[in-house]
Amino acid sequence: MDGQGTGGTLDAARIGAELGERATLVQFSSAFCQPCRATRRTLAEVARMVDGVAHVEIDAEAHLTLVRELGISRTPTVLVLDADGRIVRRAAGQPRTADVVAALGQVL
């Protein structure tokens, strides 16, 4: 996960799910995106391994206003939010587990 944060903030109402106690992994996906399936598995696994981390998947096609606002140009795109919902990291493409854990390490 090599992208930088965008400085924006997301809350539970905007992402349609509760934020994690310590961090939230927000995944933008689309229906026919093969890498999105693998990303879903990776992020869900990390969220199970790390206490206080939630994984939220958002259907990009169903949330076009949010996608445009955040400048999401491809799926999967993953945003790492801190406990307050601030976007601190972002990356497009399928992440490796080690990269996700490293990005969380900067937040936790």
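**Reading the model feature by feature**

Student: Where in the secondary structure is T42 found?

Tutor: Please keep in mind that this is a predicted model. T42 is found in helix α2, which spans residues 34-49.

Student: Is T42 buried or exposed?

Tutor: The criterion for burial is a relative accessible area under 20%. T42 has a relative accessibility of 11%, so T42 counts as buried.

Student: Which residues does T42 touch, once those up to four places away in sequence are not counted?

Tutor: The partners of T42 are then P95, R96, T97 and V100. V100 belongs to helix α4, residues 97-107.

Student: Which residues of α4 are buried?

Tutor: An α-helix has 3.6 residues a turn, so residues three or four places apart point the same way. In α4, the buried residues include V100, A103 and L104. These residues lie on the same side of α4 because the arc they cover around the axis is only 100 degrees. On the other side of α4, A98, G105 and Q106 are exposed.

Student: How should I read the largest nonpolar core, and which of its residues touch the most other members?

Tutor: In soluble globular proteins, nonpolar side chains tend to be buried together. Here the largest nonpolar core has 14 residues, and L10, V26, F28, I58, L70 and L79 touch the most other members. At least two residues of this core come from each of β1 (23-29), β2 (53-59), α3 (64-70) and β3 (77-82). The element that gives the most is α3, with three residues.

Student: With which residues is L70 in contact, leaving aside its neighbours within four places in sequence?

Tutor: L70 is then in contact with L10, F28, L79, I87 and R90.

Student: How many disulfides does a search of the whole structure find?

Tutor: A disulfide is a covalent bond between the sulfur atoms of two cysteines. The search finds one disulfide. C33 and C36 form this link, with their sulfur atoms 2.2 Å apart. The link is right-handed, with 85 degrees about the S-S bond.

Student: Are C33 and C36 buried or exposed?

Tutor: C33 counts as buried because its relative accessibility is 8%. C36 likewise counts as buried, at 1% relative accessibility.

Notes: Residues numbered from 1 in each chain as written. Predicted model: local features only at pLDDT ≥ 70, side-chain atom pairs only at ≥ 80, totals over all residues. Heavy atoms only, no water. Core = buried A, V, L, I, M, F, W, Y, C linked by side-chain atoms within 4.5 Å. Buried < 20%, exposed > 50% of the residue type's maximum accessible area, 1.4 Å probe, protein only. Helix = DSSP H or I, 4+ residues; strand = E, 2+ residues; numbered from the N terminus. Contact = heavy atoms within 4.5 Å. Disulfide = S-S within 2.5 Å. Arc of directions from axis to C-beta.
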